[in-house]
Amino acid sequence: MIRPLFVAFIIYVHHAFAGYIEKVIVRGCESCQLMLTCRQLDSLIAILDVDFQAESSVYDTGLMKNRTMRPFPPDHPRDSLNKRCSGLSHCSFILTEDSPGSEAFGPGNVTIKYACATGDKVHPYCNTDIHLNNSSSSGFIHNPGYPRLYAGQKKCVWKITAPLYQKVRLRILDVALFDTKVLSQEECRDVLEVIDSDQAIYSTCTQEHPPVEVVSASEVVELVLTSRQLINPRRGVLIYYSIEGCSLVPPPKNAYLVSYNDTIATYSCRRGYVFPDTQTKTRSISCFAASWNVSTPLLDCEWPGKVSEAVINLKSIVQISESMASELVAPIVLMLILFALNGVVVFYIYRARKKQVVEVADEELGTFTESQQ
């Protein structure tokens, strides 16, 4: 009883001090009050996805899919949820009351997926450098003042650096910028840009559904929020970042890296060596969901046919036993043959001597009889 409590206490302390990102799912009817809560008061709610399962239709990407194909309400449920809940530690949501036009859905069930992130998993300040590694591979970014306002007249920059040969994946969860487009013009006045190798690979000033995902082409990516006004009474931006791909596995002993990309790494042994588990000179490993399909680190390359030390010792013992057995069999057989020959010789010697004794006895008896007469 004490041990489980101790383990639970350790986990709680780890979460409390080391931080965590926890994904939560809540469900309910269209008129039910859904409570979005986090375990810690300093946690941040980030809306990941929302789905509505109607009794006669299914909503997924912006249209009511039923017989009449009615258009989506003025506000997407994700927008309504972001307005009420993003950036807070707890809130409530009723679809029919908090999402204008949702009465067009009719009766059904709402499913909300959201994340709770502790403070050390969130970067709320501009001009921040974020270095990703195995212990800190994901987190959130938002502008100062989120979700109440964002400052302008200067660039707010976040620089994210992934480990060598890995990339950065961004999921833009919330974009609420003020006066996003000038009338009769297409460009945005306030804009969020993703910069990779000094090139803008993505830019936006409006929220898209489902949230846009952007993967960098290199290990370093920058997010730049630009605004023309000093203070903007809008939420700003909320972005989730994570590492894309598997960390590079160092080449084992007597081997070198041939090629590496997002999904496959190829290694080759030096001349005359092979991988002991495959007995091949080269091998490729594949990355699935940020994990390699083999155990790492890789086994060191060895001479062909060479196996592990334990197997070698076992084979040596067997070989020694077989050698000893073969060496002992011949002397034993030879000794048995010699014993048999000796037995035959002794038998014939015994018979010869016995015959000689009988003849001598007969001769003595004959002599004695003649002298009596």
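Colleague: Which is Arg39, buried or exposed?

Modeller: Its relative accessibility is 53%. Buried means under 20% relative accessible area, exposed means over 50%, and partly exposed is in between (1.4 Å probe, protein chains only). So Arg39 counts as exposed.

Colleague: What should I know about the model before going on?

Modeller: It's a predicted model: local features need pLDDT of at least 70 and side-chain atom pairs count only at pLDDT 80 or more, while totals for chains, interfaces and linings use all residues. Residues are numbered from 1 along each chain as its sequence is written, and side-chain values use heavy atoms, leaving out hydrogens and water.

Colleague: Which residue meets Arg39 in a salt bridge?

Modeller: A salt bridge here puts a side-chain nitrogen of Lys or Arg within 4 Å of a carboxyl oxygen of Asp or Glu. For Arg39 the N to O distance is 3.4 Å. Its partner is Glu22.

Colleague: How many residues apart in sequence are the parts which that pair, Glu22 and Arg39, ties together?

Modeller: Strands (E, at least two residues) and helices (H or I, at least four) are DSSP runs, numbered from the N terminus. Glu22 lies in strand S1, and Arg39 in the loop between strand S2 and strand S3, so the pair ties together parts whose separation in sequence is 17 residues.

Colleague: How many residues of helix H2 are buried?

Modeller: Helix H2 covers residues 77–85. Among its buried residues are Pro77, Leu81 and Cys85.

Colleague: In the five-strand sheet, which strands stand at the edges?

Modeller: Two strands pair if DSSP finds at least two bridges between them. The order is S9-S12-S17-S14-S15, with mixed pairing in an open sheet. Each edge strand has a single partner, so one side of each is left without a neighbour in the sheet: these are S9 and S15.

Colleague: In S17, what is the bridge partner of Val194?

Modeller: Strands of a sheet pair through backbone hydrogen bonds, either parallel or antiparallel. Strands S14 and S17 run antiparallel and are joined by five bridges. The partner of Val194 is Leu223.
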